[in-house]
Amino acid sequence: MLNDNAGRSRGVPTTWHHGVMTSSALGLFGDPSSTAAHYAAKLAVETDASDVWAARQAGEVFHLVDVRGQAAWNQGHASGALHIPRQELASRVAELGEGIPVVVYCWSPGCNGGAKAALELARLGVPVKEMIGGFEYWAREGYPVEDARGAVVRPIDPLTNVVD
């Protein structure tokens, strides 16, 4: 049984194997080495807005590519991003330069356009990561945004980043 912080039983059966909880109301837990391998693989293909911003601030060389359509780009995009709609990636991949890593993004966590773009670029031999959270979290975290008219000042969402 699992206990709450006061030691009271919550009535959930728990199985332990060699000191590791393997099942609970949370479902099975993987062994630590498989879990480490899973997260290492995940981090090799994903990044987030704060890491992209930190890499930019550190002067790292990579392309940030917005793969949404023209109307979405005009409405707002990460400042300094390149605009290559997903449907045009294969025909425009040469614009990215050989060997330069690419970070792609789409609208939000609910949009898989970034994942589709990353898959296509990887199949074309381009080193690529998807920026999870997409443009939504880039903007909500307070990083620089532009629209068709220029710079846009957006407030930081206190649920996504520290507000001064």
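Q: Which residues have the most contacts inside the largest nonpolar core?
A: In this predicted model, the largest nonpolar core is made up of 16 residues. Helix 2, strand 7 and helix 6 each contribute at least two residues to this core. Those with the most contacts inside the core are Val-52, Leu-64, Tyr-105, Met-131 and Trp-138.

Q: Which residues does Trp-138 contact, leaving aside its neighbours within four places in sequence?
A: Trp-138 is one of the residues with the most contacts inside the largest nonpolar core, and a contact here means heavy atoms within 4.5 Å. Once neighbours within four places in sequence are set aside, the partners of Trp-138 are Ala-49, Val-52, Trp-53, Arg-56, Ala-78, Ser-79, Met-131, Tyr-143, Pro-144 and Val-145.

Q: How many residues does the second, separate core have?
A: Among the members of this second core are Val-67, Leu-89, Cys-106 and Val-128.

Q: Why do the buried residues of helix 2 line one face of the helix?
A: Helix 2 covers residues 49–57, and its buried residues are Ala-49, Val-52 and Ala-55. Viewed down the helix axis, these buried residues line one face because they fall within an arc of 125 degrees.

Q: What covers the buried residues of helix 2?
A: The residues in question are Ala-49, Val-52 and Ala-55. Their cover includes strand 3 (46–48), strand 4 (63–66), strand 7 (102–105), strand 8 (128–132) and helix 6 (134–140).

Q: Within what arc do the buried residues of helix 5 fall?
A: Helix 5 runs over residues 113–123, where Gly-113, Gly-114, Ala-117, Ala-118 and Leu-121 are buried. Seen down the axis of helix 5, these buried residues line one face, since they fall within an arc of 135 degrees.

Q: What covers the buried residues of helix 5?
A: The buried set in this helix includes Ala-117, Ala-118 and Leu-121. What covers the buried residues of helix 5 includes helix 4 (89–92), strand 7 and strand 8.

Q: Which residue with a positive phi follows helix 5?
A: Helix 2 is followed by Gly-59, whose phi is positive, near 80 degrees. After helix 5 there is likewise a residue with positive phi, near 90 degrees, and that residue is Gly-125.

Q: What percentage of the contacts with a separation of 6 or more comes from residues 24 or more positions apart?
A: The chain comes to six helices and 10 strands, and buried residues make up 34% of its 164 residues. Of the contacts with a separation of 6 or more, the share between residues 24 or more positions apart is 55%.

Conventions. Residues numbered from 1 in each chain as written. Predicted model: local features only at pLDDT ≥ 70, side-chain atom pairs only at ≥ 80, totals over all residues. Heavy atoms only, no water. Buried < 20%, exposed > 50% of the residue type's maximum accessible area, 1.4 Å probe, protein only. Helix = DSSP H or I, 4+ residues; strand = E, 2+ residues; numbered from the N terminus. Arc of directions from axis to C-beta. Core = buried A, V, L, I, M, F, W, Y, C linked by side-chain atoms within 4.5 Å.
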